[in-house]
Amino acid sequence: MATRKQTFPNSDGLALEPERQRAKPPPLYKVVLLNDDYTPMDFVVVVLEKFFRMSRERATIVMLNVHRQGRGVCGVFPRDLAATKVEQVSAFARRHGHPLACVMEEN
């Protein structure tokens with residue numbers, strides 16, 4: 001079955017085709033762990049492995065960034081997924097008695 005393109009004449013008599021609008025991709029958000037003086041380093045590694053599916057080596061590098069620089073990026077996600085990760089990490093830390101802070105920031 002053939003389809004027709006709809007065209008619109010302009011004042012010059014030339015036919016114009018409607019412009020196609022492209023949808024912008026959704027904004028992305030960084031999920032960031034913040035350093036504190038109480039959460040053990042090995043617990044941070046477990047969080048990174050469990051919730052961000054990092055290898056032990058990658059989780060250790062991110063954990064050291066949190067420890068040395070005060071913050072470490074865990075990943076970049078669409079808003080809903082980033083918010084879910086923040087809530088999961090925060091709830092897991094609370095259940096285990098740690099004050100680990102996890103936040104999201106627009107990328």
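**Figure 1. Aromatic pairs in the predicted model.** The structure, a predicted model, holds 3 aromatic pairs. One of them joins Phe43 and Phe92 in a stacked arrangement, with 5.5 Å from centre to centre and 10° between the planes. Phe43 lies in helix α1 (residues 41-52) and Phe92 in helix α3 (residues 79-95), so this pair ties together parts that are 49 residues apart in sequence. Phe43 is buried, at 9% relative accessibility. Phe92 is likewise buried, with a relative accessible area of 9%. Phe43 and Phe92 also belong to one aromatic cluster with Phe51.

**Figure 2. The tilted pair of Phe52 and Phe77.** Phe52 and Phe77 form an aromatic pair whose centres are 6.2 Å apart, and the 35° between the planes makes the pair tilted. Because Phe52 is in helix α1 and Phe77 is in strand β4, the pair ties together parts that are 25 residues apart in sequence. The relative accessible area of Phe52 is 10%, so Phe52 counts as buried. For Phe77 the relative accessible area is 16%, and Phe77 is buried too.

**Figure 3. Lysines over phenylalanine rings.** Lys50 lies over the face of Phe51, at 5.7 Å from the ring centre. Phe51 is a member of the aromatic cluster that includes Phe43 and Phe92. Lys85 lies over the face of Phe52, and its distance from the ring centre is 5.5 Å. Phe52 is also the partner of Phe77 in the tilted pair.

**Figure 4. Strand β3 and its two antiparallel partners.** Strand β3 (residues 28-34) and strand β4 run antiparallel and are joined by 7 bridges. Strand β5 (residues 101-106) also runs antiparallel to β3, with 6 bridges between them.

**Figure 5. Surroundings of Arg71.** Arg71 lies in strand β4, which covers residues 71-78. Its relative accessibility is 34%, so Arg71 counts as partly exposed. Beyond its neighbours within four places in sequence, Arg71 is in contact with Val32, Leu33, Leu34, Asn65, Val66 and Glu105. Asp36 is 35 residues from Arg71 along the chain, and the C-alpha atoms of the two are separated by 9.6 Å. The side chain of Arg71 makes a polar contact with the side chain of Glu105, at 2.6 Å.

**Figure 6. The salt bridge between Arg71 and Glu105.** This is a closer look at one contact of the preceding view. The side chains of Arg71 and Glu105 meet in a salt bridge, at 2.6 Å from N to O. Since Arg71 belongs to strand β4 and Glu105 to strand β5, the pair ties together parts that are 34 residues apart in sequence. Both ends are partly exposed: Arg71 at 34% relative accessibility, and Glu105 with a relative accessible area of 25%.

Figure 7. The structure holds 3 salt bridges. In one, Arg56 is paired with Glu49, and the closest N and O atoms are 2.7 Å apart. Glu49 has a relative accessible area of 23% and is partly exposed. In another, the side chains of Arg94 and Glu87 meet at 3.5 Å, N to O. Arg94 counts as exposed, at 55% relative accessibility, whereas Glu87 is partly exposed, with a relative accessible area of 44%.

**Figure 8. Thr39 in the loop between β3 and α1.** Thr39 lies in the loop that runs from strand β3 to helix α1. With a relative accessible area of 12%, Thr39 is buried. The side chain of Thr39 reaches the backbone nitrogen of Leu100 at 3.4 Å. Leaving aside neighbours within four places in sequence, the contacts of Thr39 are Val44, His98, Pro99 and Leu100.

Terms used: Residues numbered from 1 in each chain as written. Predicted model: local features only at pLDDT ≥ 70, side-chain atom pairs only at ≥ 80, totals over all residues. Heavy atoms only, no water. Helix = DSSP H or I, 4+ residues; strand = E, 2+ residues; numbered from the N terminus. Buried < 20%, exposed > 50% of the residue type's maximum accessible area, 1.4 Å probe, protein only. Contact = heavy atoms within 4.5 Å. Polar contact = N/O pair within 3.5 Å; in protein donor to acceptor, adjacent residues only side chain to side chain. Pairing = 2+ DSSP bridges. Salt bridge = Lys/Arg side-chain N within 4 Å of Asp/Glu carboxyl O. Phe/Tyr/Trp six-rings, centres within 6.5 Å; stacked < 30°, edge-to-face > 60°. Lys NZ or Arg CZ within 6 Å of the ring centre and 35° of its normal.
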